Amino acid sequence: MRRGFTLIEVLIYVAILGIAFISLMTMFNAGAQSGVIVEAQNLLLDAERTAQAILQARISTATSVTTPASGSGSTLVLASPVAAENPVTFALSGGQITMKLGAGAAAPITPADMRVTSFTVTRLSGSPAGVRVSLVTETDAGTLLIPGSVTFTTLLRYD
């Protein structure tokens, strides 16, 4: 009558358990990395939507667009209906879009963990005239760089 396992049987069981453990850890790490990527993409989308909402609100209520007067540029200057906020200036500075109200200091409207690599404003002719804004963005998700972009057009109410 035989009792227990032989050394070879024990080694085989340990090897099988080791392979199963390594496979489970690999799947867990892949799932965790996917979660980090999805979270970074969602944060980037939220930041882009916030910047878009701020820009659209200011453009749609502006009494006029000073810069660019025509064509494209990397700065947007608006005449505000509120005298203390005149002019409203949007510009790319240090990887962030900043907004300056009147003589006040420029403040970022995009978060520090999102880099804006391109900010292009195009003045559109027509009736009514409009402004097309294009942002190219990126953020880090661990070892991966997540790109993003948003382009929108807002019609001018007063121009």
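Two strands are counted as paired if DSSP finds at least two bridges between them. Helices (H or I, at least four residues) and strands (E, at least two) are DSSP runs, numbered from the N terminus. All views show a predicted model, in which local features need pLDDT of at least 70 and side-chain atom pairs count only at pLDDT 80 or more, whereas totals for chains, interfaces and linings use all residues. Residues are numbered from 1 along each chain as its sequence is written, and side-chain values use heavy atoms, with hydrogens and water left out.

**View 1. Strand 1 and strand 3 are joined by 3 bridges.**
The two strands run antiparallel, and strand 3 comprises residues 75-79. V65 has L78 of strand 3 as its bridge partner. The open sheet consists of 5 strands in the order 1-3-4-5-6, with antiparallel pairing. Its edge strands, strand 1 (64-67) and strand 6 (107-108), each pair on one side only.

**View 2. The largest nonpolar core contains 29 residues.**
A nonpolar core is a set of buried Ala, Val, Leu, Ile, Met, Phe, Trp, Tyr and Cys residues joined through side-chain atoms within 4.5 Å; buried means under 20% relative accessible area, exposed over 50%, and partly exposed in between (1.4 Å probe, protein chains only). L55, L76, L78, F90, F119 and V131 touch the most other members. At least two residues each come from helix 1, strand 3, strand 4 (88-93), strand 5 (96-101), strand 7 (115-124), strand 8 (130-141) and strand 9 (144-155). Helix 1 gives the most, with 7 residues.

**View 3. F5 and Y13 form an aromatic pair.**
The F5 and Y13 rings are edge-to-face, 5.7 Å centre to centre, with 85° between the planes; planes over 60 degrees apart count as edge-to-face, under 30 as stacked and the rest as tilted. F5 counts as exposed because its relative accessibility is 62%. Y13, a residue of helix 1, is partly exposed because its relative accessible area is 43%.

**View 4. F5, I8, V10, I12, Y13, V14 and I16 form a nonpolar patch on the surface.**
Members of a nonpolar patch (Val, Leu, Ile, Met, Phe, Trp, Tyr) have over 30% relative accessible area and no salt bridge, and their side chains are joined within 5 Å. I16 lies in helix 1 (residues 7-61) and is exposed, with a relative accessible area of 52%. The C-alpha atoms of I16 and D46 are separated by 45 Å, with the two residues 30 residues apart along the chain.

Note on methods
Phe/Tyr/Trp six-rings, centres within 6.5 Å; stacked < 30°, edge-to-face > 60°. Patch = residues over 30% accessible without salt bridge, like charges linked within 9 Å, V, L, I, M, F, W, Y side chains within 5 Å. Areas by Shrake-Rupley, 256 points an atom, 1.4 Å probe, with all protein chains shown as cover. Salt bridge = Lys/Arg side-chain N within 4 Å of Asp/Glu carboxyl O.
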